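Q: I have a structure to look at, and I would like to learn how to read it. Could you take me through a few features?

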Amino acid sequence: MEFAEVVRRRRMVRRYDGSPVPADALARVLDAASRAPSAGFSQGQSLVCVTDAATRQAIARCCDEPAHRAAGRPPWLSSAPVHLVPCVDEGAYHERYAEADKAASRPPASWEVPFWWVDGGATLMLLLLAAVDEGLDAGFVDIADRAGLRAHLGIPEEVVPLGVVTLGTRHPDERPVGSSQRRSRRDAVHRERWGGDRATGRADPQGRGRLDQWPRGAKSSSTVVSSRPVSTATSRTV
Ligand SMILES: Cc1cc2nc3c(=O)[nH]c(=O)nc-3n(C[C@H](O)[C@H](O)[C@H](O)COP(=O)(O)O)c2cc1C
């Protein structure tokens with residue numbers, strides 16, 4: 001499948017038909033996840049792959065499925081034949097950045113952005129996209145009882161399970177939730193600088209924000225000229 005098609009098709013699926021995930025497809029999904037980037041190549045990500053039915057039921061309970069069922073929602077976790085639990089270990093970053101070749105880098109203790117969470121997100125995204133590439137469906141759910149899930153899966157205290165990825169084939173009655181309200185790229189992408197001119201792709205020379213927020217009488221989009229060279233290469237990358 002083309003990458004753009006994989007991205008376009010991906011959405012969270014919260015109900016499965018129970019059909020098994022072929023072993024070779026699962027192996028490729030796991031392999032894709034292992035290709036995730038990580039800060040300093042710390043490789044602090046790991047994941048637990050669960051197919052055992054009793055363990056999946058236990059995970060479903062840790063994710064509050066009984067309460068959701070009681071509220072009239074269809075089974076989600078318990079209908080998925082595979083659960084994947086992506087995890088991150090902050091300690092791996094502290095160890096990596098204590099190595100000699102990282103002596104000139106800022107240590108993780110000073111990071112404004114704890115990159116282990118970013119890297120966990122990268123692993124999650126690879127899992128979700130790889131599932132679609134295999135013709136499968138996936139979803140991601142928060143863990144209500146993290147201590148319970150740790151105990152069931154034997155996850156050590158220093159490792160944080162981020163959530164549960166459900167993997168399988170969507171149920172025929174499953175319907176999308178959420179994606180239809182996705183905001184447009186025009187609202188989420190700023191060209192050249194925050195609040196830059198989104199209509200022309202040029203930087204806003206006055207720094208006054210987007211064109212539709214400019215006061216009456218401001219220059220129209222066609223007359224806005226950047227005060228500094230505009231890189232068309234940059235403009236095309238997002
Ligand atoms: C970090 C993260 C946590 C999420 N947690 C939940 C969750 O606990 N329950 C749920 O139903 N969906 C959860 N979602 C799915 C989002 O609701 C979903 O991605 C969003 O509505 C957009 O829909 P789409 O992914 O189908 O395009 C989560 C997504 C992310 C990225």
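This is a predicted model: local features need pLDDT of at least 70, side-chain atom pairs count only at pLDDT 80 or more; totals for chains, interfaces and linings use all residues.

Q: How do the axes of α3 and α7 cross?

A: For a helix pair, look at the distance and the angle between the axes. Here the axes of α3 (residues 53–62) and α7 (residues 146–153) come within 9 Å and cross at roughly 165°. Angles over 145 degrees count as roughly antiparallel, so α3 is roughly antiparallel to α7. Their crossing is left-handed.

Q: Which residues of α3 and α7 meet?

A: From α3 come Thr-55, Ala-58, Ile-59 and Cys-62, and they meet Gly-148, Leu-149 and His-152 of α7. Sorted by class, this contact has four nonpolar, three polar and no charged residues.

Q: How many residues are in the largest nonpolar core?

A: That core has 41 residues, and Ile-59 is among those with the most contacts inside it. The largest share, nine residues, comes from α6. Leaving aside neighbours within four places in sequence, Ile-59 is in contact with Val-50, Leu-77, His-83, Leu-149, His-152 and Val-164.

Q: What is phi of Phe-41 near?

A: Start with the general idea: most residues other than glycine have a negative phi. Phe-41, however, has a positive phi near 55°, and it is found in the loop between α2 and β1. Asp-64, in the loop between α3 and α4, also has a positive phi, about 65°.

Q: Why does Phe-41 count as exposed?

A: Phe-41 counts as exposed because it has 8 C-beta neighbours inside 10 Å. Asp-64 has 17 such neighbours, so it counts as partly exposed.

Conventions:
Residues are numbered from 1 along each chain as its sequence is written. Axes are lines fitted to C-alpha atoms, for helices over the stretch in contact, and angles run from 0 to 180 degrees between N-to-C directions. Helices (H or I, at least four residues) and strands (E, at least two) are DSSP runs, numbered from the N terminus. Angles under 35 degrees count as roughly parallel, over 145 as roughly antiparallel, 65 to 115 as roughly perpendicular and the rest as oblique. A crossing is left-handed if the near helix is turned anticlockwise from the far one by less than a right angle, and right-handed if clockwise. Two residues are in contact if their C-beta atoms, placed from the backbone, lie within 7 Å. Ala, Val, Leu, Ile, Met, Phe, Trp, Tyr, Cys and Pro count as nonpolar, Asp, Glu, Lys and Arg as charged, and the others, Gly among them, as polar. A nonpolar core is a set of buried Ala, Val, Leu, Ile, Met, Phe, Trp, Tyr and Cys residues joined through C-beta atoms within 7 Å. A residue is buried if 20 or more other C-beta atoms lie within 10 Å of its own, exposed if 12 or fewer, and partly exposed in between; C-beta atoms are placed from the backbone.
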